[in-house]
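Please walk through the model below, beginning with a single side chain and ending with the protein as a whole.

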Amino acid sequence: MPNRTTVETYTVRNRRQNYDPAPNQTEPRRFTSASLKAAPAPRPAKPPAPFGDLSQASIDDLCGLARHAWPNQGRSLVEKRTAGIRMLFGHLESLAGQTWQEHWEASGFNAENALSVNVLGRPGAGYDGSNMVSALKMAFAARIIQPSLSGFRANKFSDYAEPFRKIQQDHRLDEFFKTVDAQERLTTMHRQRAKFDLTCALTTQGLDLEGLTPSALLHYSLENKRLGLTPGATKRTTRFAALGAWEILHRMGHFPPGTAPTLRTFIYDGQRSVEELVDRYNIKNAAVRQLLIDYLARRKADTDYITLEGLARQLASLFWAVIEELNPEQKDLNLSQELYDQWRAEIQYWRKNGKTDRTRLRKDAASVLLAVRCLYVDLHSWAVAEPERWARWVAPCPILPRDLKGLGKRRREINRRMADRTRARQPLLPVLVRHVEDRYEHLADLLEAARPVPLGKPFEHQGVATAAQIPARTAAGPRPWPSRPSGSSTTAPAR
């Protein structure tokens, strides 16, 4: 059972924020609504096929392709790829379908969270798996099979971008690779990542470079994030694929005039609609879902977005989603006393991802009660003027005035604790400012020392040996930044 030593208390509060554009502001803000919508490119009338239509080619024909697809490849590699073709396509041939694409989709290797084809290898013969991955790389690059993003990324190709480019016979793709290689301030890793992202997007969407639209590349980036495939991304950090590829394509003039120079412009969608605010909480009852949407749409006119978002969370997540968990058969707002008491007990604890955490006590549960009571009272009053719209939802409010007794006192207590935290931290503000200023000056000096140094070359700053490199891309282009050897520190020196 939770007790005072195991239960932490948390308070939910909404702060109103002003997102009106500042005077003379020309740069797009984070919350600017983007007109570009992510969507895969439509399949072209004539899909790219560098070696012609091989959708029903025999396995012997595919083995022959392996020998001359890439000139100057070693004999050993050809033999391994040929062996992989016979094993992989021999397995696919036994599955339902008329074309290799249909066989591939029936195999299960194209689904989300799919396994690599190397699982088809014989036990103890590790080279079988690598041979089949090599054969699959040829099938993707030669456009014999169009994989899904999950099906593609489930297989680890040691090098895909350059072999793909060589057999496409696409002068625009050749130009992209040359443009990437000409970016001397980009590290090898960033160049490879830009090439891989573009070729992966073209492969999984069945396009040549001419058919790649901004919407299609945005779709590729967001799908990578949704599936957890973006390199370097973790649960605590957010990274997006194709950032470098987007900027190179924009620099080449590939995108239509007016397209933003960076992909991040379109990642933040701005404020959600009322429907999106409600649908975040997976309300199962369609009628109640529509009621909450209509109610919030009515309230939207007299409140700001932050308050509306909090109200949607209280009514959809903390009220009705909990009611559906307790009684899935509940169809209206007429709650029994037993169900109401169960709900009151549930909302005393914090909820995360739709689950109750009984180690975290909610200190301001009265705010949820107040929001729900307002819903019932508003429906009562609105039903008088618009009975055809609201009367069916009128029900006795289970939250009695005595349930909210002492609400003002609890609100004052919350404000007092907030003020106490401010007073406790205020004396530390000069220390924080001094630390930030010292660190800024130290890093600014370090950056100035690194600017004239060629990338990868070592230099010394304040007695610390380091090397200059580029950690990330920015809208203004790459910036040189010193990298620290392991065990060193960039902490500002004490003054």
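Val-433 counts as partly exposed because its relative accessibility is 38%, where buried means under 20% relative accessible area, exposed over 50%, and partly exposed in between (1.4 Å probe, protein chains only). The model is predicted, so that local features need pLDDT of at least 70 and side-chain atom pairs count only at pLDDT 80 or more, whereas totals for chains, interfaces and linings use all residues. Residues are numbered from 1 along each chain as its sequence is written, and side-chain values use heavy atoms, with hydrogens and water left out.

Val-433 lies in helix H18 (residues 429-450), helices being DSSP runs of H or I with at least four residues and strands runs of E with at least two, numbered from the N terminus.

Among the buried residues of H2 are Val-78, Arg-81, Thr-82, Ile-85, Leu-88 and Leu-92. An α-helix has 3.6 residues a turn, so residues three or four places apart point the same way. The cover over the buried residues of H2 includes helix H1 (59-68), helix H3 (100-106) and helix H4 (126-141).

Taken as a whole, the protein contains 18 helices and six strands, and 43% of its 495 residues count as buried. Of its contacts (heavy atoms within 4.5 Å) between residues at least 6 apart in sequence, 61% join residues at least 24 apart.
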